[in-house]
Amino acid sequence: MKIAALALAAALLPAPLMAQSGLSRLFDQPAGNSPAAGNLLFARDAQSVAGALRELGYRAEMSTDSAGDPLIRSSEGGINFSIFFYGCQKPDGCDSVQFYTALDLRDGMTFQQVNEWSTSKRFARVYLDDEMDPAIEMDVLMPFGMTKETFADHVRLWGLVLDQFKDHVNW
């Protein structure tokens, strides 16, 4: 009897953990033609991503990159940025986006400044161009779509990353 109770408890344990962590959302994605899918954004629909950005009060100018993939141009706190679309050659279309900006600093950055940033930040990476100016990138995976609310969280995170980076380089 005790073994059966332990087995039942072990089987039920992952469900609350998944629900708390948000992982359950990966397994409960609505089908593409269901009513709930209308609230999801997909990287394969760049126009809807641009629309969601506009709903958040951002400029969202549609364009294409050198490979012909969608590109959105916008700005946050006086810094222009782009949203690049990736995985677009797959049968279902694009599956991720990347927030990107590059800054032209008068004196560039040192490797020490880049290392200080990179060892203390988690969600964005920085690298230097040939003039020692920084480029900042943040990837967002969207293969199963994401709610507009989750996308808004990513946009807010990007704004926070840019604010923190401006402080880091005394912009």
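The model is predicted, so local features need pLDDT of at least 70 and side-chain atom pairs count only at pLDDT 80 or more, while totals for chains, interfaces and linings use all residues. Residues are numbered from 1 along each chain as its sequence is written, and side-chain values use heavy atoms, with hydrogens and water left out.

A salt bridge joins Lys 148 to Glu 55, with 3.6 Å between the closest N and O atoms. The term covers a side-chain nitrogen of Lys or Arg within 4 Å of a carboxyl oxygen of Asp or Glu. This pair connects distant parts of the chain, since Lys 148 belongs to helix α6 and Glu 55 to helix α4 (residues 46-55), 93 residues apart. Glu 55 has a relative accessible area of 59%, so Glu 55 counts as exposed.

## The chain as a whole

Six helices and eight strands make up the secondary structure of the protein chain. Helices (H or I, at least four residues) and strands (E, at least two) are DSSP runs, numbered from the N terminus. Along the sequence their order is α-α-α-β-α-β-β-β-β-α-β-β-β-α.

The protein chain has 171 residues, of which 37% count as buried. Contacts (heavy atoms within 4.5 Å) can also be sorted by separation in sequence. Of those between residues at least 6 apart, 47% join residues at least 24 apart.

## Helix α6

Helix α6 covers residues 148-168, and its end C-alpha atoms are 30 Å apart; this agrees with the 30 Å that its 21 residues should span at 1.5 Å a residue. The expected span is 1.5 Å times one less than the number of residues. Asn 170 follows α6 and has a positive phi, near 55°.

The buried residues of α6 include Phe 151, Trp 158, Leu 162, Phe 165 and also Lys 166. Within α6, Asp 153 and Arg 156 are three residues apart, about one turn of the helix, and their side chains form a salt bridge of 2.7 Å, N to O. Asp 153 is partly exposed because its relative accessible area is 42%, whereas Arg 156 counts as exposed at 51%.

## Other salt bridges

In total the structure holds eight salt bridges. One of them pairs Arg 106 with Asp 107, the closest N and O atoms being 3.5 Å apart; both of these residues are exposed. A network of salt bridges links Arg 125, Glu 137 and Asp 139.

## The second largest pocket

The volume of the second largest pocket is about 210 Å³. On a 1 Å grid over the protein atoms alone, a pocket is an open set of points where a 1.4 Å probe fits, with protein on both sides within 12 Å along at least five of seven lines, and lining residues have an atom within 4 Å of a point. Grid points are joined across faces, edges and corners, and the volume is the space filled by probe spheres set on the points.

Among the lining residues are Arg 122, Phe 123, Asp 139, Asp 153 and His 154. Both β7 (134-141) and α6 supply at least two residues, and α6 gives the most, with four. The lining divides into four nonpolar, two polar and three charged residues. Nonpolar covers Ala, Val, Leu, Ile, Met, Phe, Trp, Tyr, Cys and Pro; charged covers Asp, Glu, Lys and Arg; the others, Gly among them, count as polar.

How values were computed: Buried < 20%, exposed > 50% of the residue type's maximum accessible area, 1.4 Å probe, protein only.
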